[in-house]
Amino acid sequence: MILTTGIQNAPVVCRLELRTFLQDQDVTNLYILATDQMMRIKQDDLSSWFQLAAIHGRPYIPFDGVGVKGSFGGYCTHSSILFPSWHRPYLALFEQSLSKHVHEIAREYKDAADKERYLKAADRFRLPYWDWATEPTLPDIIAIQETVNVHLPNGSRASIKNPLFGYYFNPVYSDFGDGLPDEKTWEAWQSTYRYPTTTDAKAKSEPSLMQSTLKNNRLTLRDRTYNILTQIKDYGMFSHDASSGNEHPPAGFDSIEAIHNQIHGLTGRNGHMGVVDYAAFDPVFWMHHANVDRLFAMWQCLNPDAYVTPLKSEAGTFTRKPGEIENVESPLTPFRRTPDKFWKSNEVRDTKVFCYTYPELSKLDSVPAEEGRLRLSKDINRLYGPTVPAAQPVPKPLAPPASVPAPVGKGPSVPELSAPGPQTAPLPKATEKGPGSEKTTSSEHKPAPVSTSEDQQSHHEWLANIAVEKYAVKSTFFVHIFLGDIDDDHKKWGIHPNLVGTHVVFANNAEFTGCERCRHAHEKKKVVTGTIPLTGCLGTRLGGIYNLAPDKVTPYLQKNLHWRVQKHDGSAVDLKDVPSLKVSVGHAVAELSQTAHGFTSWGDIQLHAKVTRGRIGGA
């Protein structure tokens with residue numbers, strides 16, 4: 001039996017942004033070795049990488065005896081009110097498991113000085129988070145390196161297969177271990193892939209295309225993140241992507257889950273990260289979800305009285321029957337708090353219960369709550385900014401507070417190989433491209449020109465709202481929003497210079513999944529929603545964001561706003577084959593704050609039906 005405790009008997013330590021984390025070479029070395037060790041545990045062992053990842057989907061076998069095989073499948077909380085809170089103990093379970101290996105390895109170092117140094121590093125370890133809203137591209141050690149150099153406990157230096165690049169199945173089970181039918185692609189792949197080149201055993205990841213696609217969505221990710229943190233106050237809207245029906249307010253189409261879906265699709269495409277059933281096998285899943293949890297924690301600080309609201313679940317899981325009400329008392333299975341009790345949402349409101357926090361929140365405990373919210377608001381403005389400061393360079397992530405030991409910078413623990421192979425590189429140094437870099441490519445959006453005139457205290461915010469059946473294409477798919485001409489070659493849509501942003505509907509294969517909630521969503525034609533902000537790109541094209549009055553923008557959008565649908569395997573989908581797709585356009589007058597800690601204040605959103613009316617997929 002496994003209890004979910006987080007890292008216990010330890011102080012509360014900050015999870016750090018990925019690029020800051022990687023500057024601490026001792027912690028990074030332990031992280032790589034611990035991940036490698038955890039991945040080598042036999043796949044039928046409950047503490048293995050395979051078993052912990054499988055909680056998220058395939059194989060549909062109850063974890064640690066929680067639930068009954070053959071009952072309503074899986075533990076899925078996607079498109080659910082429990083989406084943010086369920087993933088918190090999930091991450092804590094994974095973090096405690098990895099931390100156990102980190103400490104074991106640190107104790108194994110033979111040299112006394114090395115051992116002392118690594119034991120201190122082990123105490124600093126918490127999962128890194130990937131802040132894709134400030135810099136969506138991944139460091140080379142995650143995206144490109146197939147091998148990595150490490151410092152082993154026996155004192156030697158070695159090159160090993162990089163566990164952060166992918167997980168290698170040993171073995172790949174027939175029907176993925178649960179006897180349910182499946183696409184044979186998953187059995188053909190011996191490891192996880194991002195943007196796989198083929199669907200057979202010859203597949204390879206295509207990191208350059210992944211990075212270009214992520215970079216082309218940089219401003220969209222930043223604007224979406226800022227908007228949900230500053231404009232959404234209702235937990236039900238913030239927490240998940242399911243539509244509330246015909247009365248769904250135009251200001252509530254986006255959510256933390258919808259943005260989370262975008263990263264899954266843009267990172268994995270039709271590889272493991274791009275499909276719910278297999279996403280958690282990819283090492284980047286945990287870095288991604290740590291950031292989702294961080295944004296959730298920040299939103300909680302801004303909205304302390306808003307939390308899980310009761311909502312009926314139409315479908316069942318391994319541990320819940322269809323029709324049950326999901327609320328703060330719902331057991332977050334399969335995560336045990338005690339041998340006979342499971343964690344509940346009302347018990348995981350504070351991340352410190354699992355002995356971790358985040359840089360933006362760690363410094364707030366010593367100040368009154370309202371002052372803490374003002375400080376956090378200032379940090380959010382600096383990191384993600386309203387549309388107006390978007391012309392500033394990408395900000396660096398916050399440094400860890402004084403209570404967290406500074407990264408070790410003396411003497412690399414992991415030396416460069418003398419003869420690196422074509423996809424081998426040393427551990428990244430502090431100068432590696434990341435937040436703070438201003439390099440762009442021709443396909444990356446440039447920020448809109450802005451004015452600093454004091455009399456320009458308001459502007460018009462524009463957005464494209466998207467509603468569509470979650471299983472309209474029976475698996476993960478993309479809705480691309482463009483301003484201007486579109487390339488006929490659908491393979492170039494994700495990196496096209498006229499792309500504003502890509503909304504991703506993150507789903508399982510409706511024909512094969514063992515997820516009861518997913519099958520029910522397919523049968524009942526469940527609708528999910530998301531938003532692509534248009535303001536920044538419109539400002540670039542029309543002379544700045546202060547030139548976006550409706551009488552100018554509406555005719556421009558009628559002529560230039562376009563959308564396309566694409567399956568996650570890259571193939572195009574005829575818009576006529578997605579009758580549930582509804583794209584609508586709205587705008588709001590946004591008043592700029594006159595303080596560093598104030599947020600832009602939006603008025604009511606006014607819909608402009610004539611922009612999309614009468615067009616295939618238009619609302």
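1. Arg19 is a buried residue, with a relative accessible area of 10%; buried here means under 20% relative accessible area, exposed means over 50%, and partly exposed is in between (1.4 Å probe, protein chains only). Its partner is Glu17: the two side chains meet in a salt bridge at 3.0 Å, N to O. Glu17 is also buried, at 1% relative accessibility. A salt bridge is taken as a side-chain nitrogen of Lys or Arg within 4 Å of a carboxyl oxygen of Asp or Glu.

2. Before going on, some housekeeping. This is a predicted model, where local features need pLDDT of at least 70 and side-chain atom pairs count only at pLDDT 80 or more, while totals for chains, interfaces and linings use all residues. Numbering runs from 1 along each chain as its sequence is written, and side-chain values use heavy atoms, with hydrogens and water left out.

3. How many salt bridges does a search of the whole structure find? The count is 27. Some of them join up: Arg15, Arg88, Glu95 and Asp293 form a network of salt bridges.

4. Glu329 and Lys344 make another salt bridge through their side chains, at 3.2 Å, N to O. Glu329 sits in the loop between strand 5 (325–326) and strand 6 (331–338), and Lys344 in strand 7 (residues 341–344), so the pair ties together parts that are 15 residues apart in sequence. Helices (H or I, at least four residues) and strands (E, at least two) are DSSP runs, numbered from the N terminus. As for accessibility, Glu329 is partly exposed at 40%, and Lys344 is partly exposed at 26%.

5. Lys352 and Asp350 also pair up, with a side-chain salt bridge of 3.3 Å, N to O. Lys352 is partly exposed at 30% relative accessibility, and Asp350 is partly exposed with a relative accessible area of 37%.

6. On to the hydrophobic side of things. In soluble globular proteins, nonpolar side chains tend to be buried together. The largest nonpolar core here has 125 residues, and Leu30, Ile55, Trp130, Trp132, Phe281 and Ile380 touch the most other members. Helix 12 (residues 284–302) supplies the largest share of this core, 13 residues. Apart from it lies another core, of 32 residues, including Ile466, Val468, Leu542 and Leu581. A nonpolar core means a set of buried Ala, Val, Leu, Ile, Met, Phe, Trp, Tyr and Cys residues joined through side-chain atoms within 4.5 Å.

7. The second largest pocket holds about 550 Å³ of space. Which residues lie nearest its centre? Of the 31 lining residues, they are His240, Ala242, Ser243, Leu311 and Lys526. Helix 15 gives the most to this lining, with three residues. The lining divides into nine nonpolar, 13 polar and nine charged residues. A pocket is, on a 1 Å grid over the protein atoms alone, an open set of points where a 1.4 Å probe fits, with protein on both sides within 12 Å along at least five of seven lines; lining residues have an atom within 4 Å of a point. The volume is the space filled by probe spheres set on the points, with grid points joined across faces, edges and corners.

8. Last, Gly268, which is found in helix 11 (residues 256–268) and is buried at 0% relative accessible area. Leaving aside neighbours within four places in sequence, Gly268 is in contact (heavy atoms within 4.5 Å) with Arg194, Tyr195, Pro196, Met273 and Gly274.

Notes:
Nonpolar A, V, L, I, M, F, W, Y, C, P; charged D, E, K, R; others polar.
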